[in-house]
Amino acid sequence: MTISSKQNKNMKSIIELVKTTWELYRSHVGLFIGYSAWLLIPMIINVLLTITFGSDYADIITTVVLTLDLLMVIWVMASIIQVTALVQANKRIDARKISSYSWGVSVSLLLLSIILSIITGLGLLLLIVPGVAFTVYATFSSVILVLERKSIKEAIRASFELVKGRFWKILGRLFAGNIIIFIPYAAAMLIIAGLLLMLSGGSVDALISNPATLMEQIMLRVIDVFFIPVFIIFGVTFYKNAKETRS
């Protein structure tokens, strides 16, 4: 039996990875939501700007809010990646340092996300297999960029190295793990959709065809606040296990 096969066998199962993720989230739920709740800021600013300036500046307000929303998503992602790693290592949480570093790495993380999206998209357009393969090989790159302070190129290369030789094991855990986490997320979304359907008078066509109101957007974003940390925690947990079983 080779060293590589022994390492692969030591990787946690899908259930173990998901269980570890939920246990960590549940035991520090206030901490994680404290960061993901910042995703509500763009919505709040949207309300304030709309009340202040009205519909005459709708296009400008939309541009400002979307830009701020993108920045907050990147900042929250970087922050929760750091917090997850610190909690797992039983280290002290320094909110100021975490916030400062998250802003500092945000440009690189944003560029990495754009690059991964473009390459994956092209791969899926040409053939499904290349797009899926690249997604799997690059799956740890965002976590590596934040935690190991590597460049975009170095982060992608390091992710490829972690996956190399155990593609199918990584693919299975990545796909199944996210699906398991997605189930309660989708259920929460369906509950919100049901409430919105009741408020719209039971008209499915009206709910689908009409643009989402600000209140509807806020309700959906609240669900994101609760579930986005879980997906990020899973990514960090999976990365840690993949790294430990590779070395």
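1. Helix α5 has 31 residues, which at 1.5 Å a residue should span 45 Å; the C-alpha atoms at its ends lie 44 Å apart, so the two values agree. The expected span is 1.5 Å times one less than the number of residues in the helix. Helices here are DSSP runs of H or I with at least four residues, strands are runs of E with at least two, and both are numbered from the N terminus.

2. The model is predicted: local features need pLDDT of at least 70 and side-chain atom pairs count only at pLDDT 80 or more, whereas totals for chains, interfaces and linings use all residues. Residues are numbered from 1 along each chain as its sequence is written, and side-chain values use heavy atoms, with hydrogens and water left out.

3. On overall architecture, the chain has 12 helices and 0 strands. Of its 247 residues, 37% count as buried, where buried means under 20% relative accessible area, exposed over 50%, and partly exposed in between (1.4 Å probe, protein chains only). The chain exposes about 13,800 Å², of which carbon and sulfur atoms supply 69%; accessible areas come from the Shrake-Rupley method with a 1.4 Å probe, and for residues only the protein chains shown count as cover. Among contacts (heavy atoms within 4.5 Å) between residues at least 6 apart in sequence, 77% join residues at least 24 apart.

4. The largest pocket holds about 950 Å³ of space. Of the 34 residues that line this pocket, M77, T135, T139, L174 and N178 are the closest to its centre. A pocket is an open set of points on a 1 Å grid over the protein atoms alone, where a 1.4 Å probe fits, with protein on both sides within 12 Å along at least five of seven lines; lining residues have an atom within 4 Å of a point. Grid points are joined across faces, edges and corners, and the volume is the space filled by probe spheres set on the points.

5. Several helices contribute to the lining of the largest pocket: α5 (58-88), α6 (95-126), α7 (128-137), α8 (141-147), α10 (167-199) and α12 (214-246) each supply at least two residues. Helix α12 gives the most, with 7 residues. By class, the lining has 24 nonpolar, 10 polar and no charged residues. Here Ala, Val, Leu, Ile, Met, Phe, Trp, Tyr, Cys and Pro count as nonpolar, Asp, Glu, Lys and Arg as charged, and the others, Gly among them, as polar.

6. L171 lies in helix α10. Leaving aside neighbours within four places in sequence, L171 is in contact with V132 and V136. L171 and T135 are 36 residues apart in sequence, and their C-alpha atoms are 9.3 Å apart in space.

7. I156 belongs to helix α9 and is buried, with a relative accessible area of 15%. Beyond its neighbours within four places in sequence, I156 is in contact with L112, L116 and S141. The C-alpha atoms of I156 and F140 are 7.8 Å apart, at a sequence separation of 16 residues.

8. Most residues other than glycine have a negative phi. N90, in the loop between α5 and α6, has a positive phi near 55° and is exposed, at 72% relative accessible area. R149, in the loop between α8 and α9 (152-163), has a positive phi of about 55° although it is not a glycine. R149 also counts as exposed, at 61% relative accessibility.
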